[in-house]
Structures are given as structure tokens and as C-alpha cells.
Amino acid sequence: MQTRDTPGPRPGQIRDTTRSPQRRRGRPCPTVDGVWSQRSVVDYSMQRRATLHALWRGGATTTDVCDADPYLLRAAKFHGESTQRQCPVCRRTSLTELRYVYGDELGPYQGRIKSARELEAMAHEHGEFRVYVVEVCQECSWNHLISSFVLGDGMPRTPVRRRRGD
Ligand SMILES: [Zn+2]
């Protein structure tokens with residue numbers, strides 16, 4: 001999780017996303033929620049496929065790709081939203097999705113996990129922030145970044161400050 005596709009404030013990666021071919025062609029990413037104001041969608045399914053092919057070809061082992069750390073697994077268990085998609089590695093269970101939020105306006109609240117419903121509300125409260133969607137298998141620890149996108153009403157806000165005692 002730390003080294004591979006970790007969602008996080010990697011500015012280079014975020015800037016690249018505006019040139020995403022998915023966005024240019026106007027094709028919506030199939031994995032996201034269709035929240036209003038959604039834009040700059042980046043679909044990581046190609047990277048995901050490449051990782052899985054490497055596994056099937058023997059170029060990678062399950063130890064390499066099923067490396068969700070205990071924090072991620074716990075987050076998936078308590079905050080994840082279940083999907084209808086089966087784990088592509090173990091095929092024993094369906095995948096859980098986590099949505100992490102990043103953006104200057106979020107201040108110290110960057111990197112929090114938010115539900116689809118919370119994102120809907122946040123999109124009205126902030127000008128711009130990016131959501132990273134990660135899928136996790138709680139059986140075999142497979143995890144991969146599947147998409148990211150920007151939400152917000154486009155009106156910049158002062159970054160959130162940490163409240164005293166928070
Ligand atoms: Zn699995």
C-alpha cells in the first residue's frame with residue numbers, strides 16, 4: 001500500500017489527470033458514483049489489468065499484489081462500501097471500495113475516508129478536492145487504485161483549519 005498506487009497528494013500524478021484520455025473522450029468512468037460536479041476522471045483499469053496480467057504470467061506473486069496492510073484492511077472492514085465485483089485474485093469474495101479525499105481546501109482532513117453520500121455533501125461545501133477510489137479484498141488482501149476524480153462546486157474556499165481540541 002505504501003509503495004504501489006497509494007492514493008495521496010502526489011502533485012505530478014494529479015496534474016497528469018487533466019489530460020486523461022477518458023476525460024477527453026467524455027467517457028464516464030464505470031467505477032465512480034456519478035456525483036454531480038464530477039470531473040477530471042482518471043481510470044486506472046489499465047494499470048490494474050497490467051498488475052493482474054503480471055500475476056497470471058508469473059511476473060508477480062500474490063505476495064507482491066495482495067499487500068493490503070492492516071490499516072487498509074481495517075478501514076475496508078469498518079468504512080468500506082461493498083461492491084458486486086468479485087476479487088480478481090482469489091475469487092472468494094466481493095471487493096470493498098474505499099474513497100479517500102485530498103485537496104488543499106481540506107487542510108488537516110486530507111486523506112480521510114468518505115462514503116459516497118458524504119462526498120455528495122462535500123461537493124457542495126468545497127470548491128475542489130480529489131477523490132481516490134481503492135478496491136480491497138478482505139480475504140486475500142488484494143488492493144488497487146481504480147479511479148480518481150475531482151469534485152466540488154468550483155468556488156475556492158479557505159482551507160479548513162483544525163479546530164481546537166480536535
Ligand atoms: Zn481476494
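Q: Is Cys-137 buried or exposed?
A: Cys-137 is buried, at 0% relative accessible area; buried means under 20%, exposed over 50% and partly exposed in between, with a 1.4 Å probe and protein chains only. This is a predicted model, where local features need pLDDT of at least 70, side-chain atom pairs count only at pLDDT 80 or more, and totals for chains, interfaces and linings use all residues. Residues are numbered from 1 along each chain as its sequence is written, and side-chain values use heavy atoms, leaving out hydrogens and water.

Q: And Cys-140, buried or exposed?
A: Cys-140 is buried too, with 16%.

Q: Which atoms hold the zinc ion?
A: The protein donors are SG of Cys-87, Cys-90, Cys-137 and Cys-140, lying 2.3 Å from the zinc ion. Donors are N, O and S atoms within 2.8 Å of the metal (3.2 Å for Na, K and Ca), and with water not among the atoms, sites may look incomplete.

Q: What's their spacing along the chain?
A: The donors follow C-x2-C-x46-C-x2-C.

Q: OK, switching to the sheet. What's the strand order?
A: The order is β1-β5-β4-β3-β2, an open sheet of five strands with antiparallel pairing. Two strands pair if DSSP finds at least two bridges between them, and strands are DSSP runs (E, at least two residues), numbered from the N terminus.

Q: Which strands stand at the edges?
A: β1 (39–43) and β2 (81–86), each with a single partner strand, so one side of each has no neighbour in the sheet.

Q: How many bridges join β1 to β5?
A: Three, with β5 covering residues 143–151 and the two running antiparallel. Val-42 has Ser-148 in β5 as its bridge partner.

Conventions. Helices (H or I, at least four residues) and strands (E, at least two) are DSSP runs, numbered from the N terminus.
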